[in-house]
Amino acid sequence: MEEKKISYSLIELSRDKDENLQAEFLKVNPFGKLPVLIDSNFPMPDGEPLKLFESGAILLHLAEQYSDDIKTIENKALTSQWLQFANSTLSIALFVPSHREKEFPRLMKELDRQLVTNQPLVGNVWGAADCAIQANLAYLPLLFPYIDLAPYPSIQATIKRVERRPAYRKAMAKA
Ligand SMILES: N[C@@H](CCC(=O)N[C@@H](CS)C(=O)NCC(=O)O)C(=O)O
C-alpha cells in the first residue's frame with residue numbers, strides 16, 4: 001500500500017498479547033493469522049466490508065482494484081502464480097527448517113538466475129509479484145543472518161535494493 005500510495009489506516013496487534021486470537025480479530029480471520037485487510041470500498045451483500053486474509057489474496061486484490069499494474073489476463077495469471085510461489089513454495093523452503101536443506105538451494109539458485117536482470121517479475125512495473133518475493137527474501141538476513149547468501153549474488157542485490165525502497169523502509173518502521 002505504501003508502494004502504490006493507497007491510503008489506509010493501520011491497526012497494529014500484539015501477538016505477544018495474543019491479540020490475534022481475540023474474538024474481535026477472529027471475526028476477520030478465524031485462523032488468527034496476520035495480515036488481514038478490511039476494505040470498506042467493497043461491501044459484501046450483508047453490508048459488511050470485504051474482509052480478506054492471506055497476504056497473497058490481499059496483494060492481488062490491491063493490485064487489481066487500486067493500481068493499473070495488471071492489464072491483461074496473462075499478467076493476472078502470472079501474478080497469481082508468483083504470489084502462490086512466494087507464499088507456499090518459497091516461504092516453506094525459507095522458513096520451515098525441515099525443508100530448508102533440500103529445497104532452499106534449488107529454489108534459491110533458480111530465483112537468483114531469474115532476478116539477475118532486475119526486471120519486474122510480471123509486466124513492466126514493480127508490483128504485487130515483486131512485493132511478495134522480495135518481502136520473503138528480505139526476511140532472510142533479518143531472521144537467519146548466519147545463512148550465507150554469497151552463492152546468490154542477484155538475490156543479495158535484490159535484498160539490498162528492496163531495503164533501500166522508501167515504501168519498504170516506511171512499512172518496516174511501522175512493523
Ligand atoms: N500464508 C499466510 C501466513 C500468515 C502467518 O503465518 N502470519 C503469521 C505472522 S507472519 C501470524 O499471524 N502468526 C501468528 C500466529 O500464528 O499466532 C500469509 O501470507 O498471510
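Analyst: A residue counts as near a molecule if its C-beta atom, placed from the backbone, lies within 6 Å of it. This is a predicted model, in which local features need pLDDT of at least 70, side-chain atom pairs count only at pLDDT 80 or more, and totals for chains, interfaces and linings use all residues. Residues are numbered from 1 along each chain as its sequence is written.

User: Which residues are around the ligand?

Analyst: They are Arg-15, Asn-20, Gly-32, Lys-33, Leu-34, Pro-35, Glu-54, Ser-55, Gly-56 and Asn-87. By class, this shell has 2 nonpolar, 5 polar and 3 charged residues. Ala, Val, Leu, Ile, Met, Phe, Trp, Tyr, Cys and Pro count as nonpolar, Asp, Glu, Lys and Arg as charged, and the others, Gly among them, as polar.

User: Is the peptide bond from Leu-34 to Pro-35 cis or trans?

Analyst: That bond is cis, with omega near 0 degrees. Pro-35 lies in the loop between helix 1 (23-26) and strand 1. Helices (H or I, at least four residues) and strands (E, at least two) are DSSP runs, numbered from the N terminus.

User: Moving to helices, how do helix 2 and helix 3 cross?

Analyst: The axes of helix 2 (residues 55-66) and helix 3 come within 9 Å, crossing at roughly 155 degrees. Axes are lines fitted to C-alpha atoms, for helices over the stretch in contact, and angles run from 0 to 180 degrees between N-to-C directions. Helix 2 and helix 3 are therefore roughly antiparallel, the term for angles over 145 degrees, while those under 35 count as roughly parallel, 65 to 115 as roughly perpendicular and the rest as oblique.

User: Which residues meet there?

Analyst: Ser-55, Gly-56, Leu-59, Leu-60 and Ala-63 in helix 2 meet Thr-79, Ser-80, Leu-83, Gln-84 and Asn-87 in helix 3. Contact requires C-beta atoms, placed from the backbone, within 7 Å. This contact comprises 4 nonpolar, 6 polar and no charged residues.

User: And what about helix 3 and helix 5?

Analyst: The axes of helix 3 (residues 73-95) and helix 5 (residues 128-143) cross at roughly 15 degrees and come within 8 Å. That angle makes the two helices roughly parallel. Their contact divides into 10 nonpolar, 4 polar and no charged residues.

User: Lastly, how do strand 1 and strand 2 pair?

Analyst: Strand 1 (residues 36-43) and strand 2 (residues 49-53) pair in the antiparallel sense over 5 bridges; pairing requires that DSSP find at least two bridges between them. Asp-39 is opposite Leu-50 in strand 2. In the hairpin of these strands, with 5 residues between them, Gly-47 has a positive phi near 90 degrees.

Key:
Contact = placed C-beta atoms within 7 Å.
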